[in-house]
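The sequence and the model should be kept in view while reading.

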Amino acid sequence: MNRTTLSLIGAATALAAISGVAALTGGSSDDAGSAGKAATRLPVQRSTLLCPTPSTSDVSSTTYTAYTPKRDGVDAKDGTAELLPAQNAADDVTDPGGDGKGDKNDKSGKDGGKGGDKPVLPLKEPGKPVTTDVSSADAPALIGTADGRFAPGWTVQQTTTIDAGSGRGILGTACTAPDTDFWFPGVSTDRGRQDFVHLTNPDDAAAEVDLKLYGPSGRLKSATDESITVPPRSTLPVLLSTLTDQRAESASLRVTARSGRIGAEVQAVDQKAGSDWLPPSAVPSSSVAIPGIPKDATSARLVVFAPGSDDADLKVRLAGPNNSITPAGHESLHVKSGMTAAIDLGDVTKGEPGSLLLTPEGGEGPATPVVAALQVTRGKGGDQETAFIPATAAIERSATAADNRTKGSTLSLVAPRAAAKVRITASAGAGGGSPVSKTYEVKGGTTKALEPPRPASGKGPYAVTVERLSGGPVHASRMLELTQDGVPMFTIQSLPDDRGTVVVPEAGQNMSLLNDD
(Lines give C-alpha, C1' and ligand atoms only; values in the text may rest on other atoms or scores of the structure.)
Protein backbone atom coordinates (compact mmCIF):
# COMPACT_ATOMS: atom_id res chain seq x y z
CA MET A 1 0.00 0.00 0.00
CA ASN A 2 1.35 3.38 -1.04
CA ARG A 3 0.50 6.50 0.96
CA THR A 4 0.74 9.97 -0.54
CA THR A 5 0.24 12.95 1.75
CA LEU A 6 -1.27 16.08 0.25
CA SER A 7 -1.04 19.58 1.62
CA LEU A 8 -4.00 21.95 1.58
CA ILE A 9 -2.78 23.38 -1.71
CA GLY A 10 -2.54 19.92 -3.20
CA ALA A 11 -6.01 19.04 -1.96
CA ALA A 12 -7.48 22.15 -3.53
CA THR A 13 -5.73 21.38 -6.80
CA ALA A 14 -7.09 17.83 -6.82
CA LEU A 15 -10.60 19.07 -6.13
CA ALA A 16 -10.30 21.60 -8.91
CA ALA A 17 -9.16 18.99 -11.36
CA ILE A 18 -12.12 16.68 -10.79
CA SER A 19 -14.86 19.29 -10.46
CA GLY A 20 -13.99 21.98 -12.98
CA VAL A 21 -13.44 24.45 -10.14
CA ALA A 22 -10.26 26.43 -10.47
CA ALA A 23 -9.77 27.54 -6.86
CA LEU A 24 -11.27 27.97 -3.43
CA THR A 25 -11.89 31.00 -1.28
CA GLY A 26 -12.42 31.54 2.43
CA GLY A 27 -15.71 30.88 4.17
CA SER A 28 -17.35 29.86 7.41
CA SER A 29 -16.78 26.51 9.07
CA ASP A 30 -19.52 23.92 8.71
CA ASP A 31 -19.22 20.72 10.70
CA ALA A 32 -22.12 19.02 8.92
CA GLY A 33 -20.82 16.66 6.29
CA SER A 34 -17.21 17.63 6.89
CA ALA A 35 -14.35 15.17 6.60
CA GLY A 36 -13.42 15.61 10.29
CA LYS A 37 -13.31 18.10 13.12
CA ALA A 38 -10.56 20.12 11.46
CA ALA A 39 -12.22 20.23 8.02
CA THR A 40 -13.85 23.39 6.70
CA ARG A 41 -16.52 23.83 4.05
CA LEU A 42 -15.50 26.56 1.62
CA PRO A 43 -17.32 28.16 -1.31
CA VAL A 44 -15.78 27.54 -4.72
CA GLN A 45 -13.99 30.52 -6.21
CA ARG A 46 -14.37 29.79 -9.92
CA SER A 47 -16.98 27.97 -12.02
CA THR A 48 -17.22 27.18 -15.73
CA LEU A 49 -20.46 26.58 -17.68
CA LEU A 50 -21.02 25.63 -21.32
CA CYS A 51 -24.24 26.28 -23.27
CA PRO A 52 -24.83 24.39 -26.56
CA THR A 53 -25.92 26.07 -29.80
CA PRO A 54 -29.72 26.42 -29.43
CA SER A 55 -30.93 26.17 -33.05
CA THR A 56 -30.60 27.87 -36.42
CA SER A 57 -34.33 27.71 -37.13
CA ASP A 58 -35.84 30.96 -38.42
CA VAL A 59 -38.99 30.30 -36.36
CA SER A 60 -37.32 30.01 -32.99
CA SER A 61 -36.23 32.20 -30.11
CA THR A 62 -34.12 31.57 -27.03
CA THR A 63 -34.24 33.00 -23.52
CA TYR A 64 -31.09 32.88 -21.40
CA THR A 65 -31.32 33.38 -17.64
CA ALA A 66 -28.26 33.54 -15.37
CA TYR A 67 -28.31 33.51 -11.58
CA THR A 68 -26.11 33.06 -8.52
CA PRO A 69 -27.76 32.65 -5.10
CA LYS A 70 -26.68 34.72 -2.14
CA ARG A 71 -24.50 32.73 0.25
CA ASP A 72 -23.01 33.32 3.66
CA GLY A 73 -19.23 33.39 3.92
CA VAL A 74 -18.64 34.76 0.40
CA ASP A 75 -16.84 38.05 -0.23
CA ALA A 76 -19.61 40.55 -0.99
CA LYS A 77 -17.63 42.70 -3.45
CA ASP A 78 -15.27 40.79 -5.72
CA GLY A 79 -16.11 38.66 -8.75
CA THR A 80 -17.60 38.53 -12.25
CA ALA A 81 -19.87 36.15 -14.19
CA GLU A 82 -20.27 36.28 -17.95
CA LEU A 83 -20.36 34.15 -21.10
CA LEU A 84 -18.64 34.53 -24.48
CA PRO A 85 -19.45 32.97 -27.88
CA ALA A 86 -17.72 29.76 -28.89
CA GLN A 87 -16.55 29.24 -32.45
CA ASN A 88 -18.62 26.82 -34.53
CA ALA A 89 -16.20 24.11 -35.66
CA ALA A 90 -18.57 22.63 -38.27
CA ASP A 91 -20.56 25.24 -40.13
CA ASP A 92 -21.69 22.65 -42.68
CA VAL A 93 -23.37 20.34 -40.12
CA THR A 94 -27.14 20.22 -40.55
CA ASP A 95 -29.00 21.56 -37.52
CA PRO A 96 -31.99 19.47 -36.36
CA GLY A 97 -34.15 22.54 -35.88
CA GLY A 98 -32.92 24.37 -38.95
CA ASP A 99 -33.45 24.33 -42.71
CA GLY A 100 -30.92 21.63 -43.64
CA LYS A 101 -28.41 24.11 -45.08
CA GLY A 102 -26.04 24.30 -42.14
CA ASP A 103 -25.33 27.18 -39.84
CA LYS A 104 -25.24 29.98 -42.39
CA ASN A 105 -26.08 32.49 -39.65
CA ASP A 106 -23.17 31.58 -37.41
CA LYS A 107 -22.28 34.63 -35.35
CA SER A 108 -19.55 33.09 -33.24
CA GLY A 109 -16.24 34.82 -32.93
CA LYS A 110 -13.65 33.51 -35.40
CA ASP A 111 -11.01 33.67 -32.73
CA GLY A 112 -12.91 31.21 -30.54
CA GLY A 113 -14.82 33.74 -28.49
CA LYS A 114 -11.87 35.97 -27.59
CA GLY A 115 -11.07 39.56 -28.29
CA GLY A 116 -13.89 41.92 -29.26
CA ASP A 117 -16.84 39.62 -28.45
CA LYS A 118 -19.40 41.25 -26.19
CA PRO A 119 -19.98 39.34 -22.94
CA VAL A 120 -23.44 37.80 -22.49
CA LEU A 121 -25.46 37.89 -19.26
CA PRO A 122 -22.99 39.63 -16.95
CA LEU A 123 -24.32 39.42 -13.39
CA LYS A 124 -24.38 42.53 -11.24
CA GLU A 125 -25.19 41.02 -7.85
CA PRO A 126 -25.92 37.59 -6.34
CA GLY A 127 -29.59 36.96 -5.67
CA LYS A 128 -30.89 38.76 -8.76
CA PRO A 129 -31.17 36.96 -12.13
CA VAL A 130 -30.27 38.49 -15.47
CA THR A 131 -32.12 37.50 -18.65
CA THR A 132 -31.96 38.16 -22.38
CA ASP A 133 -33.92 37.03 -25.46
CA VAL A 134 -32.27 36.33 -28.81
CA SER A 135 -33.15 34.92 -32.20
CA SER A 136 -31.82 31.36 -32.18
CA ALA A 137 -30.54 31.76 -35.72
CA ASP A 138 -28.12 34.32 -34.29
CA ALA A 139 -27.24 32.44 -31.11
CA PRO A 140 -23.89 30.63 -30.86
CA ALA A 141 -22.78 28.19 -28.20
CA LEU A 142 -21.50 29.98 -25.11
CA ILE A 143 -18.50 29.47 -22.83
CA GLY A 144 -18.80 31.12 -19.45
CA THR A 145 -16.88 31.62 -16.24
CA ALA A 146 -17.83 33.02 -12.86
CA ASP A 147 -15.44 33.84 -10.06
CA GLY A 148 -15.46 35.34 -6.59
CA ARG A 149 -18.91 35.95 -5.14
CA PHE A 150 -20.65 34.79 -8.36
CA ALA A 151 -19.04 31.34 -8.57
CA PRO A 152 -20.86 29.31 -5.85
CA GLY A 153 -24.07 27.92 -7.35
CA TRP A 154 -23.83 29.88 -10.62
CA THR A 155 -26.59 28.64 -12.95
CA VAL A 156 -27.49 29.47 -16.56
CA GLN A 157 -30.71 28.24 -18.15
CA GLN A 158 -31.20 28.13 -21.93
CA THR A 159 -34.85 27.85 -23.09
CA THR A 160 -35.65 27.72 -26.81
CA THR A 161 -39.09 27.78 -28.42
CA ILE A 162 -39.41 26.43 -31.99
CA ASP A 163 -42.85 27.30 -33.36
CA ALA A 164 -43.06 24.93 -36.33
CA GLY A 165 -41.38 22.05 -38.13
CA SER A 166 -40.12 18.68 -36.91
CA GLY A 167 -38.22 20.36 -34.07
CA ARG A 168 -41.33 22.14 -32.77
CA GLY A 169 -41.53 22.54 -29.01
CA ILE A 170 -39.68 23.89 -25.99
CA LEU A 171 -36.04 22.84 -25.70
CA GLY A 172 -34.67 23.62 -22.27
CA THR A 173 -31.36 22.86 -20.63
CA ALA A 174 -29.21 24.03 -17.78
CA CYS A 175 -25.77 24.87 -19.15
CA THR A 176 -23.30 22.26 -17.94
CA ALA A 177 -19.86 22.15 -16.34
CA PRO A 178 -17.04 20.62 -18.41
CA ASP A 179 -16.01 17.05 -17.63
CA THR A 180 -14.29 14.06 -19.22
CA ASP A 181 -16.96 11.32 -19.15
CA PHE A 182 -20.71 11.41 -19.92
CA TRP A 183 -23.44 8.78 -20.33
CA PHE A 184 -26.60 9.40 -22.39
CA PRO A 185 -29.09 6.52 -22.15
CA GLY A 186 -32.14 7.28 -24.28
CA VAL A 187 -30.48 8.43 -27.52
CA SER A 188 -31.65 6.97 -30.83
CA THR A 189 -30.34 6.25 -34.32
CA ASP A 190 -33.82 5.39 -35.59
CA ARG A 191 -35.13 6.93 -38.80
CA GLY A 192 -37.82 8.79 -36.87
CA ARG A 193 -35.24 10.60 -34.72
CA GLN A 194 -32.43 13.04 -35.32
CA ASP A 195 -30.10 13.15 -32.34
CA PHE A 196 -27.10 15.48 -32.28
CA VAL A 197 -24.51 15.40 -29.54
CA HIS A 198 -23.10 18.91 -29.02
CA LEU A 199 -19.48 18.92 -27.88
CA THR A 200 -18.07 22.20 -26.53
CA ASN A 201 -14.41 22.72 -25.61
CA PRO A 202 -13.83 25.60 -23.13
CA ASP A 203 -10.04 25.47 -23.12
CA ASP A 204 -7.15 26.81 -25.21
CA ALA A 205 -6.02 23.36 -26.38
CA ALA A 206 -7.86 20.90 -28.63
CA ALA A 207 -9.83 18.06 -26.98
CA GLU A 208 -9.82 14.49 -28.31
CA VAL A 209 -13.21 12.84 -27.81
CA ASP A 210 -14.42 9.25 -28.26
CA LEU A 211 -18.10 8.47 -29.01
CA LYS A 212 -19.44 4.94 -28.42
CA LEU A 213 -23.02 3.75 -29.01
CA TYR A 214 -24.65 0.71 -27.38
CA GLY A 215 -27.94 -0.82 -28.53
CA PRO A 216 -30.13 -3.68 -27.24
CA SER A 217 -27.60 -6.27 -28.45
CA GLY A 218 -24.44 -4.45 -27.38
CA ARG A 219 -21.99 -2.13 -29.10
CA LEU A 220 -23.27 -0.64 -32.36
CA LYS A 221 -20.84 -1.18 -35.20
CA SER A 222 -19.04 2.05 -36.08
CA ALA A 223 -19.24 3.42 -39.61
CA THR A 224 -16.62 6.12 -39.04
CA ASP A 225 -13.61 6.98 -36.94
CA GLU A 226 -15.05 7.42 -33.42
CA SER A 227 -12.30 9.80 -32.36
CA ILE A 228 -13.25 13.44 -32.84
CA THR A 229 -11.12 16.54 -32.38
CA VAL A 230 -12.87 19.58 -30.92
CA PRO A 231 -10.76 22.71 -31.56
CA PRO A 232 -9.96 25.15 -28.74
CA ARG A 233 -12.89 27.23 -27.46
CA SER A 234 -15.19 25.72 -30.10
CA THR A 235 -18.38 23.71 -30.38
CA LEU A 236 -19.09 20.76 -32.66
CA PRO A 237 -22.48 19.05 -33.25
CA VAL A 238 -22.36 15.40 -34.37
CA LEU A 239 -25.38 13.55 -35.82
CA LEU A 240 -25.42 10.17 -34.07
CA SER A 241 -26.91 8.25 -37.01
CA THR A 242 -23.77 9.06 -39.01
CA LEU A 243 -21.64 7.12 -36.53
CA THR A 244 -23.23 3.75 -37.35
CA ASP A 245 -25.25 2.01 -40.06
CA GLN A 246 -27.31 0.21 -37.41
CA ARG A 247 -30.69 1.61 -36.42
CA ALA A 248 -31.74 1.47 -32.77
CA GLU A 249 -34.91 2.97 -31.34
CA SER A 250 -33.27 3.17 -27.92
CA ALA A 251 -29.52 3.29 -27.41
CA SER A 252 -26.93 4.61 -24.98
CA LEU A 253 -24.11 6.99 -25.85
CA ARG A 254 -20.84 7.29 -23.98
CA VAL A 255 -18.78 10.46 -24.52
CA THR A 256 -15.21 10.32 -23.26
CA ALA A 257 -12.54 13.01 -23.54
CA ARG A 258 -9.17 11.29 -24.03
CA SER A 259 -7.46 14.66 -23.71
CA GLY A 260 -8.80 17.93 -22.42
CA ARG A 261 -12.35 18.37 -21.14
CA ILE A 262 -15.67 19.15 -22.78
CA GLY A 263 -19.31 19.89 -22.23
CA ALA A 264 -21.73 17.43 -23.85
CA GLU A 265 -25.50 17.50 -24.38
CA VAL A 266 -27.79 15.72 -26.83
CA GLN A 267 -30.46 17.51 -28.83
CA ALA A 268 -33.13 14.93 -29.69
CA VAL A 269 -35.74 15.58 -32.38
CA ASP A 270 -38.66 13.19 -32.80
CA GLN A 271 -40.55 13.66 -36.07
CA LYS A 272 -43.88 12.93 -34.34
CA ALA A 273 -43.37 14.14 -30.78
CA GLY A 274 -41.29 17.33 -30.96
CA SER A 275 -37.86 17.84 -29.46
CA ASP A 276 -35.87 18.61 -26.33
CA TRP A 277 -32.40 18.37 -24.83
CA LEU A 278 -31.32 15.07 -23.27
CA PRO A 279 -28.88 15.85 -20.42
CA PRO A 280 -26.32 13.29 -19.24
CA SER A 281 -27.31 10.71 -16.65
CA ALA A 282 -25.91 10.81 -13.16
CA VAL A 283 -22.80 8.67 -12.71
CA PRO A 284 -23.47 4.89 -12.69
CA SER A 285 -25.15 3.82 -9.46
CA SER A 286 -26.89 0.70 -8.14
CA SER A 287 -29.87 2.82 -7.02
CA VAL A 288 -31.37 5.41 -9.35
CA ALA A 289 -33.96 8.19 -8.99
CA ILE A 290 -35.71 9.79 -11.98
CA PRO A 291 -37.74 12.68 -10.52
CA GLY A 292 -40.71 14.57 -11.89
CA ILE A 293 -42.96 12.60 -14.25
CA PRO A 294 -45.92 14.89 -15.10
CA LYS A 295 -49.31 13.75 -13.88
CA ASP A 296 -50.75 14.00 -17.41
CA ALA A 297 -47.99 12.03 -19.14
CA THR A 298 -49.53 9.92 -21.90
CA SER A 299 -46.47 7.69 -22.26
CA ALA A 300 -43.11 7.07 -20.63
CA ARG A 301 -40.22 5.01 -22.01
CA LEU A 302 -37.50 3.92 -19.59
CA VAL A 303 -33.99 3.30 -20.96
CA VAL A 304 -31.30 1.67 -18.80
CA PHE A 305 -27.70 0.66 -19.52
CA ALA A 306 -25.31 -1.45 -17.45
CA PRO A 307 -21.74 -0.26 -18.20
CA GLY A 308 -19.93 -2.79 -16.04
CA SER A 309 -19.07 -6.45 -16.54
CA ASP A 310 -22.13 -7.78 -14.65
CA ASP A 311 -25.80 -7.89 -15.50
CA ALA A 312 -28.21 -5.78 -13.43
CA ASP A 313 -31.51 -6.94 -11.92
CA LEU A 314 -33.59 -3.99 -10.80
CA LYS A 315 -36.82 -3.37 -8.94
CA VAL A 316 -38.97 -0.72 -10.59
CA ARG A 317 -41.05 1.47 -8.28
CA LEU A 318 -43.21 4.54 -8.88
CA ALA A 319 -43.11 7.06 -6.01
CA GLY A 320 -46.41 8.95 -6.07
CA PRO A 321 -47.88 11.63 -3.80
CA ASN A 322 -48.78 9.16 -1.03
CA ASN A 323 -46.64 6.02 -1.39
CA SER A 324 -44.53 3.91 -3.74
CA ILE A 325 -46.12 1.25 -5.94
CA THR A 326 -44.99 -1.22 -8.55
CA PRO A 327 -46.11 -0.33 -12.11
CA ALA A 328 -48.42 -3.07 -13.35
CA GLY A 329 -46.52 -5.57 -15.47
CA HIS A 330 -43.14 -3.93 -14.79
CA GLU A 331 -42.13 -5.19 -11.35
CA SER A 332 -38.52 -5.77 -12.38
CA LEU A 333 -36.05 -5.19 -15.19
CA HIS A 334 -33.09 -7.31 -16.27
CA VAL A 335 -30.28 -5.39 -17.98
CA LYS A 336 -27.48 -7.34 -19.62
CA SER A 337 -23.94 -6.09 -19.30
CA GLY A 338 -22.96 -3.72 -22.10
CA MET A 339 -26.49 -3.64 -23.52
CA THR A 340 -29.34 -1.13 -23.52
CA ALA A 341 -32.71 -2.21 -22.11
CA ALA A 342 -35.93 -0.25 -22.69
CA ILE A 343 -39.51 -0.70 -21.50
CA ASP A 344 -42.67 1.23 -22.34
CA LEU A 345 -44.52 2.18 -19.17
CA GLY A 346 -47.48 3.87 -20.90
CA ASP A 347 -49.43 6.42 -18.86
CA VAL A 348 -47.72 5.18 -15.73
CA THR A 349 -48.67 8.10 -13.47
CA LYS A 350 -52.45 7.69 -14.01
CA GLY A 351 -53.24 11.33 -13.34
CA GLU A 352 -50.90 11.80 -10.36
CA PRO A 353 -47.33 13.16 -10.42
CA GLY A 354 -44.59 10.65 -9.71
CA SER A 355 -40.93 9.64 -9.91
CA LEU A 356 -39.27 6.36 -10.90
CA LEU A 357 -37.02 4.56 -8.42
CA LEU A 358 -34.71 1.74 -9.53
CA THR A 359 -33.06 -0.38 -6.84
CA PRO A 360 -31.20 -3.72 -6.79
CA GLU A 361 -33.59 -6.68 -6.80
CA GLY A 362 -31.42 -8.57 -4.36
CA GLY A 363 -29.58 -11.84 -4.44
CA GLU A 364 -25.96 -12.73 -3.92
CA GLY A 365 -23.06 -10.56 -4.94
CA PRO A 366 -22.62 -6.78 -5.15
CA ALA A 367 -25.28 -4.61 -6.80
CA THR A 368 -24.55 -3.56 -10.37
CA PRO A 369 -24.39 0.17 -11.19
CA VAL A 370 -26.48 1.48 -14.09
CA VAL A 371 -27.29 4.71 -15.91
CA ALA A 372 -30.85 5.55 -16.92
CA ALA A 373 -33.20 8.10 -18.47
CA LEU A 374 -36.90 8.46 -19.15
CA GLN A 375 -38.54 9.83 -22.31
CA VAL A 376 -41.88 11.40 -21.37
CA THR A 377 -44.66 12.35 -23.78
CA ARG A 378 -47.66 14.58 -23.18
CA GLY A 379 -50.57 14.99 -25.60
CA LYS A 380 -51.83 12.65 -28.30
CA GLY A 381 -51.75 12.31 -32.08
CA GLY A 382 -50.41 15.37 -33.83
CA ASP A 383 -50.43 17.34 -30.58
CA GLN A 384 -47.68 15.40 -28.82
CA GLU A 385 -44.62 16.88 -27.16
CA THR A 386 -41.69 15.09 -25.55
CA ALA A 387 -39.08 15.71 -22.84
CA PHE A 388 -36.34 13.69 -21.12
CA ILE A 389 -35.53 13.11 -17.45
CA PRO A 390 -32.14 11.54 -16.71
CA ALA A 391 -31.18 9.70 -13.55
CA THR A 392 -30.47 12.56 -11.16
CA ALA A 393 -28.00 12.79 -8.28
CA ALA A 394 -29.31 13.80 -4.88
CA ILE A 395 -29.18 17.37 -3.59
CA GLU A 396 -26.53 17.34 -0.88
CA ARG A 397 -26.92 21.01 0.04
CA SER A 398 -28.60 23.09 -2.69
CA ALA A 399 -29.61 23.23 -6.36
CA THR A 400 -31.13 25.96 -8.51
CA ALA A 401 -33.43 26.15 -11.55
CA ALA A 402 -33.36 29.49 -13.37
CA ASP A 403 -35.97 30.87 -15.80
CA ASN A 404 -39.20 30.27 -13.91
CA ARG A 405 -42.26 32.09 -15.20
CA THR A 406 -45.38 33.47 -13.53
CA LYS A 407 -47.23 30.42 -14.82
CA GLY A 408 -46.07 27.03 -15.99
CA SER A 409 -43.38 26.02 -13.46
CA THR A 410 -43.75 22.78 -11.47
CA LEU A 411 -41.13 21.60 -8.98
CA SER A 412 -40.93 17.87 -8.18
CA LEU A 413 -39.15 16.46 -5.11
CA VAL A 414 -38.72 12.77 -4.31
CA ALA A 415 -37.32 11.23 -1.11
CA PRO A 416 -36.53 7.60 -2.04
CA ARG A 417 -35.92 6.44 1.54
CA ALA A 418 -36.28 8.57 4.67
CA ALA A 419 -38.40 11.71 4.89
CA ALA A 420 -36.65 15.02 4.25
CA LYS A 421 -37.18 18.70 4.96
CA VAL A 422 -36.30 21.31 2.31
CA ARG A 423 -36.39 25.07 1.96
CA ILE A 424 -37.45 26.50 -1.41
CA THR A 425 -36.53 30.09 -2.19
CA ALA A 426 -37.83 32.15 -5.09
CA SER A 427 -35.32 34.83 -6.01
CA ALA A 428 -36.15 38.38 -6.95
CA GLY A 429 -37.34 38.65 -10.54
CA ALA A 430 -35.09 39.91 -13.31
CA GLY A 431 -37.21 43.07 -13.27
CA GLY A 432 -37.36 43.52 -9.50
CA GLY A 433 -39.14 42.20 -6.43
CA SER A 434 -38.10 40.46 -3.22
CA PRO A 435 -37.23 36.80 -2.53
CA VAL A 436 -39.73 34.49 -0.82
CA SER A 437 -38.87 31.25 1.02
CA LYS A 438 -41.07 28.35 2.16
CA THR A 439 -40.26 25.10 3.95
CA TYR A 440 -41.69 21.74 2.91
CA GLU A 441 -41.52 18.14 4.11
CA VAL A 442 -41.27 15.23 1.69
CA LYS A 443 -42.38 11.87 3.07
CA GLY A 444 -40.14 8.89 2.49
CA GLY A 445 -40.97 6.97 -0.68
CA THR A 446 -43.13 9.76 -2.11
CA THR A 447 -43.05 12.56 -4.67
CA LYS A 448 -44.14 16.10 -3.82
CA ALA A 449 -45.06 18.15 -6.90
CA LEU A 450 -45.76 21.81 -6.27
CA GLU A 451 -45.90 25.21 -7.84
CA PRO A 452 -42.80 26.96 -6.47
CA PRO A 453 -43.14 30.19 -4.53
CA ARG A 454 -43.00 33.44 -6.49
CA PRO A 455 -41.06 36.59 -5.58
CA ALA A 456 -42.98 39.33 -3.83
CA SER A 457 -43.87 42.03 -6.37
CA GLY A 458 -41.51 40.30 -8.79
CA LYS A 459 -41.28 41.01 -12.50
CA GLY A 460 -39.67 38.85 -15.15
CA PRO A 461 -38.10 35.39 -14.91
CA TYR A 462 -36.86 34.27 -11.51
CA ALA A 463 -34.79 31.45 -10.04
CA VAL A 464 -35.85 28.76 -7.59
CA THR A 465 -33.29 27.30 -5.15
CA VAL A 466 -33.90 24.06 -3.23
CA GLU A 467 -31.91 23.54 -0.01
CA ARG A 468 -31.97 20.22 1.84
CA LEU A 469 -32.25 21.03 5.52
CA SER A 470 -32.50 17.59 7.13
CA GLY A 471 -33.52 13.98 6.64
CA GLY A 472 -32.78 11.57 3.82
CA PRO A 473 -31.63 12.15 0.23
CA VAL A 474 -33.78 14.35 -2.02
CA HIS A 475 -33.83 14.34 -5.82
CA ALA A 476 -35.51 17.12 -7.78
CA SER A 477 -36.53 18.42 -11.20
CA ARG A 478 -38.37 21.42 -12.62
CA MET A 479 -40.92 21.32 -15.44
CA LEU A 480 -41.58 24.45 -17.51
CA GLU A 481 -44.67 24.25 -19.71
CA LEU A 482 -46.27 26.44 -22.35
CA THR A 483 -49.33 25.34 -24.32
CA GLN A 484 -49.34 26.67 -27.88
CA ASP A 485 -52.02 25.95 -30.50
CA GLY A 486 -53.24 22.99 -28.47
CA VAL A 487 -49.78 21.42 -28.14
CA PRO A 488 -48.67 20.89 -24.49
CA MET A 489 -45.09 22.06 -25.01
CA PHE A 490 -42.86 21.45 -22.00
CA THR A 491 -39.30 20.81 -20.88
CA ILE A 492 -37.89 19.23 -17.71
CA GLN A 493 -34.58 20.08 -16.06
CA SER A 494 -33.10 17.83 -13.37
CA LEU A 495 -31.59 19.56 -10.31
CA PRO A 496 -28.44 17.83 -9.07
CA ASP A 497 -26.43 19.48 -6.33
CA ASP A 498 -24.79 22.71 -7.52
CA ARG A 499 -21.43 21.86 -5.91
CA GLY A 500 -21.16 25.44 -4.73
CA THR A 501 -19.05 24.40 -1.75
CA VAL A 502 -16.40 21.78 -1.05
CA VAL A 503 -14.92 20.31 2.13
CA VAL A 504 -11.17 20.84 2.49
CA PRO A 505 -8.78 20.18 5.39
CA GLU A 506 -7.43 22.96 7.53
CA ALA A 507 -3.83 24.03 6.93
CA GLY A 508 -1.49 21.53 8.49
CA GLN A 509 -4.00 18.66 8.31
CA ASN A 510 -2.95 15.76 6.07
CA MET A 511 -5.28 14.33 3.46
CA SER A 512 -4.14 10.87 2.43
CA LEU A 513 -4.76 9.00 -0.79
CA LEU A 514 -4.54 5.29 -0.12
CA ASN A 515 -3.61 3.03 -3.03
CA ASP A 516 -3.78 -0.74 -2.61
CA ASP A 517 -0.95 -2.66 -4.25
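## Leu374 and the nonpolar cores

In this predicted model, Leu374 touches Ile290, Ile293, Ala300, Arg301, Leu302, Leu345, Leu356, Ala387, Phe388 and Ile389, with residues up to four places away in sequence left out of the list. The largest nonpolar core has 30 residues, and Leu374 is among the members that touch the most others, together with Leu302, Val304 and Leu356.

In soluble globular proteins, nonpolar side chains tend to be buried together.

Pro185 lies in strand 11, which covers residues 181–187. Its relative accessibility is 1%, and because buried means under 20%, Pro185 counts as buried.

Beyond its neighbours within four places in sequence, Pro185 is in contact with Ala251, Ser252, Leu278, Ser281, Val303, Val371, Ala372 and Ala373. Between Pro185 and Ala373 the C-alpha to C-alpha distance is 5.7 Å, although 188 residues separate them in sequence.

An open sheet is formed by 4 strands in the order 33-30-35-36, with antiparallel pairing. Strand 33 (446–450) and strand 36 (487–494) are at the edges; each has a single partner strand, so one side of each is left without a neighbour in the sheet. On average, neighbouring strands of this sheet are turned by 20 degrees against each other, direction ignored.

Within the sheet, strand 30 (residues 409–415) pairs with strand 35 (residues 475–484) over 6 bridges in the antiparallel sense. Ser409 has Leu480 in strand 35 as its bridge partner.

Key
Residues numbered from 1 in each chain as written. Predicted model: local features only at pLDDT ≥ 70, side-chain atom pairs only at ≥ 80, totals over all residues. Heavy atoms only, no water. Pairing = 2+ DSSP bridges. Helix = DSSP H or I, 4+ residues; strand = E, 2+ residues; numbered from the N terminus. Axes fitted to C-alpha atoms, helices over the stretch in contact; angles between N-to-C directions. Core = buried A, V, L, I, M, F, W, Y, C linked by side-chain atoms within 4.5 Å. Buried < 20%, exposed > 50% of the residue type's maximum accessible area, 1.4 Å probe, protein only. Contact = heavy atoms within 4.5 Å.
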